[in-house]
Amino acid sequence: PPSSSERVLEPISRRLRVGYMSSDFGGHTVGSLIRNLLKMHNRHRVEVYGIGMMKGDGTEWNIEMERSTDKFVSIHGMTDD
């Protein structure tokens, strides 16, 4: 048995959920950096959400950004009511 100072980690039963919110998920320098970051997650351990504050423009760049997440939600035009 492990000593009291050793941590015993339980097996992961579900993935960690991580969300990224940006108005620059399109063809923008920030979008380019975020797109690369999204691809670096271990998808067996992390579930990636994208929250877009911009209106989707239907460009290949925008579509690829949405595909780089497990779930993408656009909040463009939402109010705080």
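**View 1. Where helix α1 meets helix α2.** In this predicted model, G31, S32, I34, R35, L38 and K39 of α1 touch W61, E64 and M65 of α2. Helix α1 covers residues 29–39 and helix α2 covers residues 60–67. Their axes come within 10 Å and cross at roughly 30°, and the crossing is left-handed.

**View 2. G26, in the loop between β1 and α1.** Start with the loop that links β1 to α1, and you'll find G26 in it. G26 has a relative accessible area of 13%, and since buried means under 20%, this glycine counts as buried. Setting aside neighbours within four places in sequence, G26 is in contact with G31 and W61. G26 and W61 sit 35 residues apart along the sequence, yet their C-alpha atoms are 6.1 Å apart in space. W61 also turns up in the contact between the two helices, on the α2 side, while G31 takes part from α1.

**View 3. The open sheet.** Here 3 strands line up in the order β1-β2-β3, with parallel pairing. β1 (16–22) and β3 (71–74) are the edge strands: each has a single partner, so one side of each has no neighbour in the sheet. From one strand to the next, the twist averages 20°.

**View 4. Strand β2 alongside β3.** Zoom in on β2, residues 46–52, and you'll see it run parallel to β3, with 4 bridges joining the two.

Technical notes:
Residues numbered from 1 in each chain as written. Predicted model: local features only at pLDDT ≥ 70, side-chain atom pairs only at ≥ 80, totals over all residues. Heavy atoms only, no water. Pairing = 2+ DSSP bridges. Axes fitted to C-alpha atoms, helices over the stretch in contact; angles between N-to-C directions. Left-handed = near helix turned anticlockwise from the far one by under 90°. Contact = heavy atoms within 4.5 Å. Buried < 20%, exposed > 50% of the residue type's maximum accessible area, 1.4 Å probe, protein only.
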